[in-house]
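Have a look at the model first.

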Amino acid sequence: MSRRSRRLTIIGVAGALLALAASLVLAGLRDSIVYFYPPTELAAKAKPGQRVKIGGLVEAGSISHDSSGALLFKVTDNRTSTAVRYTGVVPDLFKETKGVIAEGVYQPGAVFEADSVLAKHDENYMPKEVVEALKKRGEWRPDAGPGAGKGPGS
């Protein structure tokens with residue numbers, strides 16, 4: 001075997017091993033990827049039992065607590081609302097009509113059971129995914145003030 005063919009063989013084997021490693025990493029990450037859906041798209045795109053994030057605005061007048069002390073609220077994209085139940089401490093900045101993302105397992109026809117809730121970062125922050133979803137639907141109404149509706153890195 002010549003020197004050149006030996007080098008090509010080594011490069012080919014290394015490339016194949018690299019491709020195998022990349023495919024194994026991507027296959028492993030596939031199960032940990034969590035997709036974001038606004039309430040309007042949740043039922044159409046999320047599969048039952050799938051771990052998802054639902055995002056939008058906390059609907060005005062929807063925040064309450066049930067008998068067990070769990071927080072109940074609705075997430076809206078100004079078209080559809082989805083009821084969410086969350087047991088735990090919400091961020092200090094969690095408020096009505098402000099941006100929120102709740103993460104949990106989707107079960108059709110049931111209240112969305114969230115195991116984490118993310119709220120806006122500061123007075124002018126709304127999660128980037130929520131802003132994009134609202135803009136796509138023509139529902140985006142940024143609050144007055146500098147930096148309103150800007151996401152991270154904006």
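## Overall picture

A residue counts as buried when its relative accessible area is under 20%. In this predicted model, 32% of the 154 residues of the protein chain count as buried. The secondary structure comes to 3 helices and 7 strands, running α-β-α-β-β-β-β-β-β-α from the N terminus on.

Together with Arg3, Arg4 and Arg7, Arg6 makes up a patch of positive charge on the surface. Arg6 itself is partly exposed, at 45% relative accessible area.

Helix H3 (residues 128-136) has Val130, Val131, Ala133 and Leu134 buried. These four span an arc of only 165° around the axis, so they sit on the same side of H3. Lys135 and Lys136, on the other side of H3, are exposed.

## Salt bridges

The structure holds 5 salt bridges. One of them is local: Lys45 pairs with Glu41, with the closest N and O atoms 3.6 Å apart. Both lie in helix H2 (residues 39-45), 4 residues apart, or about one turn of the helix.

Others reach further along the chain. Glu103 and Arg51 meet at 3.3 Å, N to O, linking strand E6 (residues 99-105) to strand E2 (residues 51-58) across 52 residues. Glu103 counts as buried at 16% relative accessibility, while Arg51 is partly exposed at 32%. Then there's Asp66 with Arg85, at 3.0 Å between the closest N and O atoms. Asp66 lies in the loop between strands E3 (64-65) and E4 (71-76) and Arg85 in strand E5 (residues 81-86), so this pair ties together parts 19 residues apart in sequence. Finally, salt bridges with shared partners join Arg51, Glu103 and Asp115 into one network.

How values were computed. Residues numbered from 1 in each chain as written. Predicted model: local features only at pLDDT ≥ 70, side-chain atom pairs only at ≥ 80, totals over all residues. Heavy atoms only, no water. Patch = residues over 30% accessible without salt bridge, like charges linked within 9 Å, V, L, I, M, F, W, Y side chains within 5 Å. Areas by Shrake-Rupley, 256 points an atom, 1.4 Å probe, with all protein chains shown as cover. Salt bridge = Lys/Arg side-chain N within 4 Å of Asp/Glu carboxyl O. Lys, Arg positive; Asp, Glu negative; His and termini not counted. Charge placed at Lys NZ, Arg CZ, Asp CG, Glu CD. Buried < 20%, exposed > 50% of the residue type's maximum accessible area, 1.4 Å probe, protein only. Helix = DSSP H or I, 4+ residues; strand = E, 2+ residues; numbered from the N terminus. Arc of directions from axis to C-beta.
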